[in-house]
Amino acid sequence: MKTAALALLLLQQSCAFAPFGVKNIRRNGVSSLSMSSALIVQNKGGGHGELGFQLAKNLSSNPKITSITILQDDACNDAKEPFASYGSDLPSDIKIIKASLGDDSMTAEALQTALGGDGVSFDYVWDNASKKPEGAGKAVIDCAKTWNPKLFTYVSSAGMYKPDDTTKFPMSEADTPIKTSSGQALFDAYAVECGLPLVSFRPQYIYGKKANKYDYVDWYFDRIVRDLPLPIPGDGTQKVSLTNSEDVASILASVLNDEDAAIKQRFFNCGSDNIYSYDEVAQLCATVAGKEAKIVHYDGDKFGKCAFPFRLTDFYVAPDMVKGKLGWAGAGNKLGDDMKWYYDGYKARSGDTKEVSISDDEKSACA
């Protein structure tokens with residue numbers, strides 16, 4: 001079990017964020033001790049890896065928030081994005097604290113110590129790390145219960161949805177079945193049981209300039225730049241929601257627009273209002289690469305997903321609830337416009353020269 005001494009050592013560690021990691025500061029001329037402190041609990045990377053970074057940037061200009069702390073999983077790779085940009089791209093008054101958020105033995109006491117001790121509390125919490133109400137995930141909830149926060153915002157996942165034959169798309173928060181046994185659903189339930197003012201967002205596929213997961217769009221470019229077929233299941237008209245991380249962050253921050261409405265509604269889908277078909281994503285990628293999209297449709301029922309990055313059928317959400325209840329203005333980014341910098345980044349990562357396996361493509365009898 002992590003001891004209080006070890007947790008405190010984590011706080012004091014000198015790391016990539018040391019120049020500003022332990023400062024007590026003033027934001028917008030208001031003491032950081034005033035009652036508008038925000039805590040962002042950030043995972044080590046993956047599909048949600050960029051969200052804490054983008055959310056911190058967004059909140060730094062929100063007048064409701066006077067201090068921001070990022071509780072960062074110490075399993076992150078500081079040399080990779082977005083973590084490599086914490087020191088250069090985030091405001092210098094944002095405090096970074098590292099802790100072992102993947103530790104299943106983490107207790108609320110150890111976590112509270114890592115955050116600075118018994119006198120530290122937060123008015124707004126965004127949890128973008130916890131996957132279940134165990135270990136550090138439970139500790140975050142248990143700590144928050146003692147802080148009496150105004151909002152406890154959880155970044156869940158639309159992957160918990162289990163659409164059936166009666167499901168209408170886009171999937172709605174109100175009547176789309178969910179996997180009640182999923183870690184995220186159990187986390188939601190525990191937060192509610194503890195009496196927290198929970199607001200839970202369900203994002204889908206995310207991309208961004210400082211992402212550290214590229215699987216979804218890279219799948220298209222990996223084949224297009226090599227003049228390989230793109231085996232897409234079905235007829236390719238299935239729709240998907242691909243959302244820029246900046247837009248996801250603005251959705252997460254929209255809880256501050258109407259806190260009462262956010263708590264009353266509780267569950268929100270989280271995605272762009274720009275929806276594309278699988279074939280349309282292929283054409284957007286091909287256009288920016290100056291290549292032909294050699295789309296080949298195959299029988300998904302027979303061959304399954306193979307290496308295809310999305311579901312066999314429609315699987316997408318829309319942000320109607322967050323726009324109507326919280327006044328979110330809509331996505332500020334469009335996939336087609338973003339493909340230029342994405343493709344530049346793809347090449348910078350040597351995506352166009354790396355070795356690519358198409359063995360799963362061949363299983364679909366399309367290559």
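This is a predicted model: local features need pLDDT of at least 70, side-chain atom pairs count only at pLDDT 80 or more; totals for chains, interfaces and linings use all residues.

Me: Good. Which residues do ring pairs link into a cluster?

Reply: Searching the whole structure turns up 26 aromatic pairs. Some ring pairs join up into a cluster, and its members are Tyr205, Tyr216, Trp219, Tyr220, Tyr278, Phe308 and Phe310.

Me: How many of the residues of helix α7 are buried?

Reply: Buried means under 20% relative accessible area. Among the residues of α7 that pass are Tyr216, Trp219 and Phe221. The helix covers residues 215–224 and is largely enclosed by the rest of the structure, because the count of buried residues is 9 of the 10.

Me: And what do those buried residues pack against?

Reply: There are strands and helices on the list. The strands are β9 (205–207), β10 (230–233) and β12 (242–244). The helices are α10 (278–289), α13 (335–348) and α14 (359–363).

Me: Are the planes of Phe221 and Tyr343 stacked or edge-to-face?

Reply: Planes under 30 degrees apart count as stacked, over 60 as edge-to-face. The ring centres of Phe221 and Tyr343 are 5.0 Å apart with the planes at 25 degrees, so this pair is stacked.

Me: How many residues apart in sequence are the parts that this pair ties together?

Reply: Phe221 is buried at 0% relative accessibility, and Tyr343 is buried too, at 11%. Phe221 belongs to helix α7 and Tyr343 to helix α13, so the parts tied together are apart in sequence by 122 residues.

Me: Which residue has its charged end over the ring of Tyr342?

Reply: A charge sits over a ring if, among other things, NZ of Lys or CZ of Arg is within 6 Å of the ring centre. Here the distance to the centre of the Tyr342 ring is 5.8 Å, and the residue is Arg349.

Me: Is Ser156 buried or exposed?

Reply: Ser156 sits in the loop between β7 (151–155) and α6 (183–193). Leaving aside neighbours within four places in sequence, its contacts include His48, Gln184 and Arg202. Its relative accessibility is 1%, so Ser156 counts as buried.

Me: Last one: how far apart in space are Tyr276 and Leu335, C-alpha to C-alpha?

Reply: Tyr276 is in strand β14 (residues 276–277) and counts as buried, at 15% relative accessibility. Beyond its neighbours within four places in sequence, Tyr276 contacts Lys334, Leu335 and Gly336, among others. Tyr276 and Leu335 are 59 residues apart in sequence, and their C-alpha to C-alpha distance is 8.8 Å.

Notes: Residues are numbered from 1 along each chain as its sequence is written. Side-chain values use heavy atoms; hydrogens and water are left out. Helices (H or I, at least four residues) and strands (E, at least two) are DSSP runs, numbered from the N terminus. Buried means under 20% relative accessible area, exposed over 50%, partly exposed in between (1.4 Å probe, protein chains only). Contact means heavy atoms within 4.5 Å. Rings of Phe, Tyr and Trp (its six-membered ring) pair if their centres lie within 6.5 Å; planes under 30 degrees apart count as stacked, over 60 as edge-to-face and the rest as tilted. A charge sits over a ring if NZ of Lys or CZ of Arg is within 6 Å of the ring centre and within 35 degrees of the ring normal.
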